Amino acid sequence: MAGVQTAVALREQGFTGPVTLIGAEPHQPYDRPPLSKAILLGKAEDSAFEIDFEDLDIELRLGLDVTGLRAADHEIDTEAGPVAYDTLVVATGAQPVVLPGTEGVPGVHLLRTLDDAVRLGPVLERRHSVVVVGAGWIGAEFATAAREAGCAVTVVEAADRPLAGALPAEVTAPMAEWYGANGAELLTHARVDTVEPGAPGRVVLADGRELPADAVVVGIGARPATGWLTGSGIALDPSGAVTADDRLRTSLPDVYAVGDCASFPSARYGERLLVHHWDNALQGPRAVAAAITGTADAPYDPVPYFWSEQFGRFVQYAGHHAAADELLWRGDPADEAWSVLWLRAGVPVALLAVGRPRDLAQGRKLIEAAVPVDPERAADPAVPLKAAVR
């Protein structure tokens with residue numbers, strides 16, 4: 001997504017020089033959100049971008065691994081030999097974390113690529129019993145699709161609740177109820193010891209419990225795909241992300257980084273952000289293209305946004321709530337639709353909306369404008385958020 005959008009944005013912003021897009025996968029560049037939804041359920045064969053790369057004079061080099069970067073020579077190393085660049089944009093994304101001890105074990109799956117989704121399709125078609133490891137966004141979305149397909153689903157989460165790394169406990173508490181209400185079993189405080197293949201196989205937990213599993217799907221996070229940059233001299237943060245500046249420039253000359261592989265400083269939130277979501281891979285490339293073409297007029301400092309479809313609910317989030325000092329509920333979390341608004345010194349900094357898209361749209365604008373709100377009015381779900389401004 002980030003690489004494709006950077007190439008397209010360069011053309012849209014008037015760049016006329018050669019543009020080469022290199023990707024390790026052999027497929028035409030594709031969008032990832034449908035992988036855990038339509039493609040997984042067999043409702044679509046692929047999600048290729050409807051972009052005429054030839055018409056845009058963008059050269060595609062697919063199925064080509066990049067193995068290194070030599071900044072002094074302005075070259076990257078690939079399996080097919082070195083490729084020179086005047087300007088390089090690193091958009092290598094993130095790779096899923098593998099459950100220790102499960103590499104190469106039959107029946108254990110990840111869900112990150114089109115090939116992953118294609119391999120998982122028959123699991124859903126045959127209504128296998130599935131154990132999902134990890135109750136994060138991907139785990140919840142896969143569990144949703146598997147239940148829709150008629151699979152028996154058990155979700156195993158090492159933390160005390162789903163989305164433990166993303167949201168506070170009081171917000172995730174009602175979301176934990178969605179699993180059982182939709183026929184999926186959620187086991188918290190549950191760590192996987194071993195996965196034993198077979199028909200059916202077994203997932204053995206650290207406390208000795210055994211779960212039958214025709215298939216195991218692992219969704220325990222992702223890390224920036226930057227291992228190929230080892231020895232290049234490029235600055236990385238402790239997570240392995242490239243540390244870009246507020247124009248998405250890296251520590252190396254003529255090298256930019258965008259999307260899941262790069263962190264950037266946010267003046268809005270007063271910290272460096274690493275955003276593993278689709279919208280960042282759409283917005284960041286426009287900033288990179290503007291920096292390359294010399295038309296950038298402002299630093300890159302977005303309000304992060306993402307959405308998730310799980311158990312019949314449309315969940316949206318905008319902002320970053322880490323430094324908030326007040327949390328407001330809009331609606332009853334036992335209902336189908338509700339929102340949570342985070343404030344800092346009375347100013348909205350983040351919003352989670354479940355089935356309330358108008359809250360999300362209005363809240364996102366308030367966050368971007370950094371305008372204070374009246375907490376009492378903002379907590380009233382009958383009051384539009386834009387009408388709660390002080």
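Predicted model: local features only at pLDDT ≥ 70, side-chain atom pairs only at ≥ 80, totals over all residues.
Q: What does K37 pair with?
A: The side chain of K37 meets that of E141 in a salt bridge, at 3.3 Å from N to O. This pair links distant parts of the chain, 104 residues apart, with K37 in the loop between β1 (19–23) and β2 (58–62) and E141 in helix α3 (residues 137–148); helices (H or I, at least four residues) and strands (E, at least two) are DSSP runs, numbered from the N terminus.

Q: Are K37 and E141 buried or exposed?
A: Both K37 and E141 are buried, and buried means under 20% relative accessible area, with exposed being over 50% and partly exposed in between, using a 1.4 Å probe and protein chains only.

Q: And which residue does R32 bridge to?
A: R32 forms a salt bridge with E25, and their closest N and O atoms are 3.5 Å apart. R32 counts as partly exposed at 36% relative accessibility, and E25 is partly exposed too, with a relative accessible area of 21%.

Q: Switching topic, what lines the second largest pocket?
A: The second largest pocket is lined by 13 residues, and I39, L40, G42, G121 and E125 lie nearest its centre. On a 1 Å grid over the protein atoms alone, a pocket is an open set of points with protein on both sides within 12 Å along at least five of seven lines, a cavity is a set of points where a 1.4 Å probe fits but cannot get out, and lining residues have an atom within 4 Å of a point.

Q: How much space is in that second largest pocket?
A: About 190 Å³ of space lies in the second largest pocket, a volume being the space filled by probe spheres set on the grid points, which are joined across faces, edges and corners.

Q: What about cavities, how many of 30 Å³ or more turn up?
A: A search of the whole structure finds 1 cavity of 30 Å³ or more, and about 40 Å³ of space lies in the largest cavity. The lining of this cavity includes V275, D279, N280 and Y300.

Q: Last topic: why is strand β13 described as largely enclosed?
A: Strand β13 (residues 201–205) is largely enclosed by the rest of the structure because 4 of its 5 residues are buried.

Q: Which strands pair with β13?
A: Strand β12 (residues 192–196) is joined to β13 by 4 bridges and runs antiparallel to it, and strand β14 (residues 210–213) also pairs with β13 in the antiparallel sense over 4 bridges; two strands pair if DSSP finds at least two bridges between them. V192 stands opposite L205 in β13, while G201 stands opposite A213 in β14.

Q: Which residues in the two hairpins take a positive phi?
A: In the hairpin of β12 and β13, with 4 residues between the strands, G198 takes a positive phi near 155°. In the hairpin of β13 and β14, again with 4 residues between the strands, G208 takes a positive phi near 95°.

How values were computed
Residues numbered from 1 in each chain as written. Heavy atoms only, no water. Salt bridge = Lys/Arg side-chain N within 4 Å of Asp/Glu carboxyl O.
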